[in-house]
Amino acid sequence: MERHITLPLTEELARSLHAGDTVYLTGTIYTSRDAGHKRMCETLARGEELPFDPADATIYYVGPTPAKPGQVIGSAGPTTSGRMDAYAPTMMSVGARGMIGKGARLPEVVEAMKKYSGVYFGAIGGAGALLAKCIKSAELIAYEDLGAEALRKLYVEDMPLVVIIDCEGRNLYEEGRKNYLKV
Amino acid sequence: MRELHVSLITETIEQLCIEACNHLPEDIKCGIRTCRACEDGEIAKGVLDNIIANFEIADEENVPICQDTGMACVFLEIGQDVHLVGGDLTEAVNEGVRRGYDKGFLRKSVVKDPVRRGNTGDNTPAMLYTEIVPGEKVTITVGPKGFGSENMSAIRMFKPSAGLQGIKDFILEVVEEAGPNPCPPIVVGIGIGGTFDKAALLSKKALMRSIESSHSDPFYADLEREMLEKINQLGIGPQGFGGRTTALGVNIETLPTHIAGMPCAVNISCHVTRHKTEVL
């Protein structure tokens, strides 16, 4: 099914999305990858507040290239999500239920998605030049010292995504292969 | 004896870094277009249409195809009749990488220590391989290597009794385990023989070869074709969403090895398999 959706990712909206849906996403998202997630989880462990409101938020696992003069952002495709598996359940526990990345997730992440109504969206890995076109604004909000890994607030329009894992735990990686597996 | 100033190597590497990151080689483009034509699923077709649109944007606007502009793998084949003058060769190579990643607005993805981390800020050092060859030319290849796929690579030291079947099973096992993570459709570089280190190097060199080329020995050329077919029967498909194309190409490189061993390295590369060569 093809859907045009607008953030925030409320529980109701999350529950209406299913593995295999093609989604064009519009709204505000936040960027973070390895080092940023580590820092955010340490912040939460100390009982402090995150640099953004995590309620119904969506996080894009990306470390863009530097913007050329005149560009909003450089090439900005997804990084491998599995490296954020150690942090994703904590992020969902404070409300950040949307994740955009690529690649497989651990069972504990899927369990947390079922518990907190999380959604795992896939962006096309390696399509950084194309995905940058959907990003209409980018603002650095924290962790500037991390360079490409700094925390950014992005506004995206019609970002092309596919729901890989839905909040019932259905997984496109498992279902999509079945029709083509020959060995 | 031909004299060559190392500043020429710096300038060439600067250009090659930028060109390799912004422009996909023709063999890969052709491979992606061919696999688009043989997919029948809506999701797979949509993914490949976007992948094609992406490299076309990168070409037109001269921007990086992928945000992971990689570690700069640099291969230098230095003619034995060349005398390099004007400075330290390794520093000249690193300076080329430094300038290329700065001027090309490429991402700096290198940390200075594997455990304690900390970005070097300029994408150096390059992963440099030098080889002395006959003649008076210097051939420079730059292959920026992303780590989404590098992380899914593997090496195994087989007993010779494992035979060809052991190698075939291992290659499929590595691709299966990699699944959607290395951004399929992938290119698979395989190094068989040599020592532990040489097998790994061969697998990286295999990725620098066109996917339209074959191993010179028909035995291994057949193995390349057979493994490509078997990998594409795994059904992983573009981005792992299911489909007929999991790999665009399988390239094998081989070396003699020890009577007691049969090393096999599998280096996985994404659909943005980049490399650019210049001869000085």
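**View 1. Open sheet of chain B.** In this predicted model, four strands of chain B form an open sheet in the order S4-S2-S5-S10, with mixed pairing. Strands are DSSP runs (E, at least two residues) numbered from the N terminus, and two of them pair if DSSP finds at least two bridges between them. Because strand S4 (127–133) and strand S10 (276–279) of chain B each have a single partner strand, they stand at the edges, and one side of each lacks a neighbour in the sheet. From one strand to the next, the twist averages 15 degrees; angles run from 0 to 180 degrees between N-to-C directions of axes, which are lines fitted to C-alpha atoms, for helices over the stretch in contact.

Residues are numbered from 1 along each chain as its sequence is written, while chains are lettered from A and ligands numbered from 1 in the order in which they are written. The model being predicted, local features need pLDDT of at least 70 and side-chain atom pairs count only at pLDDT 80 or more, whereas totals for chains, interfaces and linings use all residues.

**View 2. Pairing of S2 and S5 in chain B.** Strands S2 (residues 71–79) and S5 (residues 138–145) of chain B run antiparallel and are joined by eight bridges. B:Ala72 has B:Pro144 in S5(B) as its bridge partner.

**View 3. Helix H1 on the sheet.** Helix H1 (residues 6–22) of chain B, a DSSP run (H or I, at least four residues), lies across S2, S5 and S10 of chain B. Helix H1 runs at about 40 degrees to S5(B).

**View 4. Domains of chain B.** An automatic or database domain assignment divides chain B into domain 1 (2–20 + 65–145) and domain 2 (148–273).

Methods:
Two residues are in contact if their C-beta atoms, placed from the backbone, lie within 7 Å.
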